[in-house]
Amino acid sequence: MYRIILVSESESFVKTLGIKLSEIGYSWLSFDEMKSDEHIHGSFIVILDIQSFQMTFHELGEFLKEYPYPVLVMSAIPTFEEGYPLLRMGVRGYANRHIGSINLNSALSVLESGGSWFDPGFMNDLIRHIDYRGTPSESGQESFEILSEREREIARYIAQGLSNHQIADVLEITERTVKAHLLSCYKKLGLNDRVSLALWVKEAGYV
């Protein structure tokens, strides 16, 4: 299991998040406690509290070069305007600094496996900002037919940037059912997440 490096100038944040990390089985240390060459040996995930430990994008870029580990940036209110440049810089995680233990464990597990984890609200904003202007793909249109009618309906809502909760409300079904349909869409189309599904739907011209 990876160790966690907490980068924050807020003692209360370090204390609160440290308790959560310990509860879900992660060992951690604060950035100030690291020895000069300790980060060279071992596997780490960096959690950066961008609210208290503010950096310019240039400074963050230099930091990422020195600490080439998966980075989970935490913000008071994750936004597209803040998160998109972070994503472009290679940051693989972006979350609310008040994230619950269950979602924190999920985020860290995804980062450990080489994936990316982003705040659901940010993900939906990212999808809404995607502006695909290409020509619809014939193969994409054919592939869309392998989805059930309900799966196609949900896929279109995903491409519009709706959350699972919003889709459940519109279709009058449970969020669990929405998740089940999404997993089926991913499997049938060979995709991994809602952003790739949104791009796929827009490319196929089914928005």
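The model is predicted, so to speak of local features we ask for pLDDT of at least 70 and count side-chain atom pairs only at pLDDT 80 or more, while totals for chains, interfaces and linings use all residues. Residues are numbered from 1 along each chain as its sequence is written, and side-chain values use heavy atoms, with hydrogens and water left out.

Let's start with the whole chain. Its secondary structure comes to ten helices and six strands; helices (H or I, at least four residues) and strands (E, at least two) are DSSP runs, numbered from the N terminus. Of the 207 residues, 46% are buried, where buried means under 20% relative accessible area with a 1.4 Å probe, counting protein chains only. The chain exposes about 11,200 Å², with carbon and sulfur atoms supplying 49% of that area (Shrake-Rupley method, 1.4 Å probe). Take the contacts (heavy atoms within 4.5 Å) between residues at least 6 apart in sequence: 65% of them join residues at least 24 apart.

Now for the sheet. Its six strands form an open sheet in the order β2-β1-β3-β4-β5-β6, with parallel pairing; two strands pair if DSSP finds at least two bridges between them. At the edges stand β2 (28-30) and β6 (117-118), each with a single partner strand, so one side of each has no neighbour in the sheet. Strand β1 (residues 3-7) pairs with β2 over three bridges, and Ile 4 stands opposite Trp 28 there. Five bridges join β1 to β3, with Arg 3 partnered by Phe 44.

Four bridges link β3 to β4 (residues 71-75) in the parallel sense, and Asp 49 has Met 74 as its bridge partner.

Finally, the cores. A nonpolar core is a set of buried Ala, Val, Leu, Ile, Met, Phe, Trp, Tyr and Cys residues joined through side-chain atoms within 4.5 Å. The largest has 50 residues, of which Val 73, Ile 158, Ile 167, Leu 197 and Val 201 touch the most other members. Helix α10 (residues 194-204) gives this core its largest share, six residues. A second, separate core of 18 residues includes Ile 45, Leu 72, Leu 104 and Ala 107.
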